[in-house]
Amino acid sequence: MPAPSPSAAVPRGRIDALDVARGTALAAMASYHTLWDLGFLRLTPENHALTPPGRLAAHVIAGAFLMFVGLGLVLANGRGVPLRAFSLRIARIGGAAALITGATYLAFPQSYIFFGILHCIAAASLLGLPFVFAPVWITALTAMAVLLAPSVIVHPLLDAPELYFLGLGRQRPDTNDWVPLFPWFGMVLAGIALARLGGPFLVSGQLARWRARHGIARAAAFAGRHSLAFYLVHQPVLLALLYGVVSLTGPHPRAGAASFRATYAANCVHTGGGAESCRVAARCTEQALRREGLWGLGAPYAPEQRLKAQGLSQACYEAAEGTGPAP
């Protein structure tokens, strides 16, 4: 490969400021996963991680991590690619990604992770390496093209499960973490371009000379230097702690109510009901199921329970329409 331009100069040691930034992103990720776990275990009325603000936060956190991948590719390989170190890094990340796939397949077989953040980082690191040495303008234009591709290239042929990793189909697969190459590889390329343009500032400016010497900054820098280990450990620890909490407290009494009402009302309207009547019937049915001990059983209804629930639902809708008494 040709030698990079002077703007791609790299430091001879770690840059504490980047480690702290990566550690901060890890803290944000752990906070988001805590929010998701609370909803998954029904410790909160709804899963706030799945709301529009929650999804936006997840995208911002993922984008930050992938930009750090691009920055790291330049800083680690700008003087030339150390093949052994680079291969070991890809092997570690790829092995961790395979571990995540296996573990989530056992825990969540219907929504296991087959191309999450680690899978994307491993693939993007390989695809991004040539751009460390390409002209910056080519990298920047490619980044823009990759980021915009899902809005431009959408075809039913790309809905094949084997191509889900591309992210160019019309459907979103049922998985707990999906970070396809399009548009996310674009964030890695953006990080590469940023590092190439800001190389001198990164390696010799005030940012490079700053040291994390105290408290939170040192902890964040430590986490940033061991980000893969932190990523692999934090979710099992969080889930273990929160499983302990829910075993003591039980689920939140309002857990699932909002999603139940929304789903009920949508299905009701779809089958010909009026929007207002369906909304009232949804609230009535939820309350009736609670009153009759049919809410939150944690298992499918027995036949007699199903008949009773259907009767309560029908009575609620008739009451909402004004054609029958409330159950």
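Predicted model: local features only at pLDDT ≥ 70, side-chain atom pairs only at ≥ 80, totals over all residues.
## Confidence across the chain

For the protein chain overall, the average pLDDT is 90, and 93% of the residues score at least 70. One stretch to treat with care is residues 1-11, where the pLDDT is below 50. Beyond near neighbours in sequence, this stretch still has 25 contacts in the model.

## Helices H3 and H4

Let's turn to H4 and its packing against H3. Helix H3 spans residues 83-107 and helix H4 residues 117-128; their axes lie 8 Å apart, at an angle of about 155°. Angles over 145 degrees count as roughly antiparallel, and H3 and H4 are therefore roughly antiparallel to each other. Their crossing is left-handed.

On the H3 side, the contact is made by Phe86, Arg89, Ile90, Ile93, Gly94, Ala96, Ala97, Ile100 and Thr101. H4 answers with Leu118, His119, Ile121, Ala122, Ser125 and Leu126. Sorted by class, the contact of H3 with H4 holds 10 nonpolar, 4 polar and 1 charged residues.

## Helices H1 and H10

Another helix pair brings together H1 (residues 16-40) and H10 (residues 227-249). Their axes come within 10 Å and cross at roughly 30°. An angle under 35 degrees counts as roughly parallel, so H1 and H10 are roughly parallel to each other. Here the crossing is right-handed.

The residues of the contact of H1 with H10 divide into 11 nonpolar, 5 polar and 2 charged.

How many aromatic pairs does a search of the whole structure find? The search finds 9. One of them joins Trp36 and Phe40: the ring centres are 5.1 Å apart and the planes lie at 15°, so the pair is stacked.

Both Trp36 and Phe40 belong to helix H1, where they are 4 residues apart, about one turn of the helix.

Terms used. Residues numbered from 1 in each chain as written. Heavy atoms only, no water. Axes fitted to C-alpha atoms, helices over the stretch in contact; angles between N-to-C directions. Helix = DSSP H or I, 4+ residues; strand = E, 2+ residues; numbered from the N terminus. Parallel < 35°, antiparallel > 145°, perpendicular 65-115°, else oblique. Left-handed = near helix turned anticlockwise from the far one by under 90°. Nonpolar A, V, L, I, M, F, W, Y, C, P; charged D, E, K, R; others polar. Contact = heavy atoms within 4.5 Å. pLDDT = per-residue confidence, 0-100. Phe/Tyr/Trp six-rings, centres within 6.5 Å; stacked < 30°, edge-to-face > 60°.
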